[in-house]
Amino acid sequence: MPAIIIATALFSCGGSATKTSGDSTANSGSDTSKKDTMSAAAAAPFDVVVVTHTVKDYAKWRSVFDSNSATRKAAGMQDLAVGRDVDSANRIIVAFKLSDVAKAKSMIAGPKLKETMSKAGVISKPNFGYYHIIRFSGGANPKQWAVVSHKVKDFDAWLKVFDNEGAAKRANEGFVDRALGRGIDDPNMVHLVFGVTDMAKAKAAVFSDEKKKVMMSAGVIGAPDIRFYNAAQ
């Protein structure tokens, strides 16, 4: 889908173009309960890691995941969201706010996490994406959301097209802007998160020829990764 229309994962992306430094403010939500799967983070900017993988059984995976919270906290990782792919419920996405990127990377690269994932029944190679969130909107957490990741030729040029398209147009297509992030390791990687108010409408818009043209005009490189998720309880 056009990178431009869908901003792991969360904030309001409308308005004028943001400087590459990414300094913008937003309100954070207040409900941080386990059921509030896209729990509010502090006002942007902040760093996250977004993890995606497939599991044998969600209930078993969730039990191991919940029991491992102390290890994540020790690594400076705060749970933000857990979602299940709309089209493949055992494909999981998890987002964490990071207080120390290097510390989190060290824990993730260590043998203990690999053992924990094996115990939890992870059956695919996990993907870890590190992003600097520059726009974030709190408020009520959506029951469904869309996540888009892609690379662009030039972030500032892409952002102008995204902002010119506007949050209002995306809202008419069933999307609510939630978060926008830039890759920590590659600042031309873009990570977008939207709440979805109308799944059928959103999917139709995202994969339309119009959106493909918008993406092309914004300088999106290659095929974007577009996924739709249900909030996991």
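**Figure 1. Aromatic rings in a predicted model.** Ring pairs join Y58, W61, F65 and F96 into a cluster. The model shown here, and in every view below, is predicted. Across the structure there are eight aromatic pairs. One of them is formed by W158 and F162: the ring centres are 5.1 Å apart and the planes meet at 20 degrees, so this pair is stacked. Such a pair is described by the distance of the centres and the angle of the planes.

**Figure 2. The whole chain.** The chain has 233 residues, and 52% of them count as buried. The accessible surface is about 10,500 Å². Carbon and sulfur atoms account for 52% of that surface. The structure also holds 14 salt bridges.

**Figure 3. Helix α5 and its buried face.** Helix α5 covers residues 155-165. Its buried residues are F155, W158, L159, F162, D163 and E165. Viewed down the helix axis, the buried residues of α5 fall within an arc of 150 degrees, so they line one face of the helix. K160 and N164 are on the other side of α5, and both are exposed.

Figure 4. Which residue caps the N-terminal end of α5? It is D154. A side-chain oxygen of D154 lies 3.3 Å from the backbone nitrogen of D156. After the helix comes G166. The phi of G166 is positive, near 90 degrees.

Figure 5. W158 and F162 both belong to helix α5. They are four residues apart, about one turn of the helix. Are these two residues buried or exposed? W158 has 0% relative accessibility, so W158 counts as buried. F162 also has 0% relative accessibility and therefore counts as buried. The two rings are stacked, with centres 5.1 Å apart.

Figure 6. R135 lies in strand β4, which spans residues 127-136. The relative accessible area of R135 is 3%, so R135 is buried. The side chain of R135 meets the side chain of D163 in a polar contact of 2.9 Å. D163 is one of the buried residues of α5.

**Figure 7. Lysines over aromatic rings.** K97 lies over the face of F46, 5.7 Å from the ring centre. The charged end of K105 sits over the ring of Y130. There the distance to the ring centre is 4.9 Å.

Figure 8. K203 and D87 meet through their side chains in a salt bridge, at 3.2 Å from N to O. This pair links distant parts of the chain, 116 residues apart. K203 is in helix α7 (residues 199-206). D87 is in the loop between β2 (77-85) and β3 (91-98). Relative accessibility is 23% for K203, so K203 counts as partly exposed. D87 has a relative accessible area of 61% and is therefore exposed.

Figure 9. D186 and K151 form a salt bridge, and their closest N and O atoms are 3.1 Å apart. D186 lies in the loop between β6 (175-183) and β7 (189-196), and K151 in strand β5 (residues 144-152), so the pair ties together parts 35 residues apart in sequence. D186 counts as partly exposed because its relative accessibility is 24%. K151, at 35% relative accessibility, also counts as partly exposed.

Figure 10. R227 forms a salt bridge with D225, with 3.4 Å between the closest N and O atoms. R227 is partly exposed, at a relative accessible area of 28%. D225 is partly exposed too, at 35%.

Conventions:
Residues are numbered from 1 along each chain as its sequence is written. This is a predicted model: local features need pLDDT of at least 70, side-chain atom pairs count only at pLDDT 80 or more; totals for chains, interfaces and linings use all residues. Side-chain values use heavy atoms; hydrogens and water are left out. Buried means under 20% relative accessible area, exposed over 50%, partly exposed in between (1.4 Å probe, protein chains only). Helices (H or I, at least four residues) and strands (E, at least two) are DSSP runs, numbered from the N terminus. The arc is that of the directions from the helix axis to the C-beta atoms. A polar contact is a pair of N or O atoms within 3.5 Å; within protein, one must be able to donate a hydrogen and the other to accept it, and residues adjacent in sequence count only if both atoms are side-chain atoms. Rings of Phe, Tyr and Trp (its six-membered ring) pair if their centres lie within 6.5 Å; planes under 30 degrees apart count as stacked, over 60 as edge-to-face and the rest as tilted. A charge sits over a ring if NZ of Lys or CZ of Arg is within 6 Å of the ring centre and within 35 degrees of the ring normal. Accessible areas come from the Shrake-Rupley method with a 1.4 Å probe; for residues, only the protein chains shown count as cover. A salt bridge is a side-chain nitrogen of Lys or Arg within 4 Å of a carboxyl oxygen of Asp or Glu.
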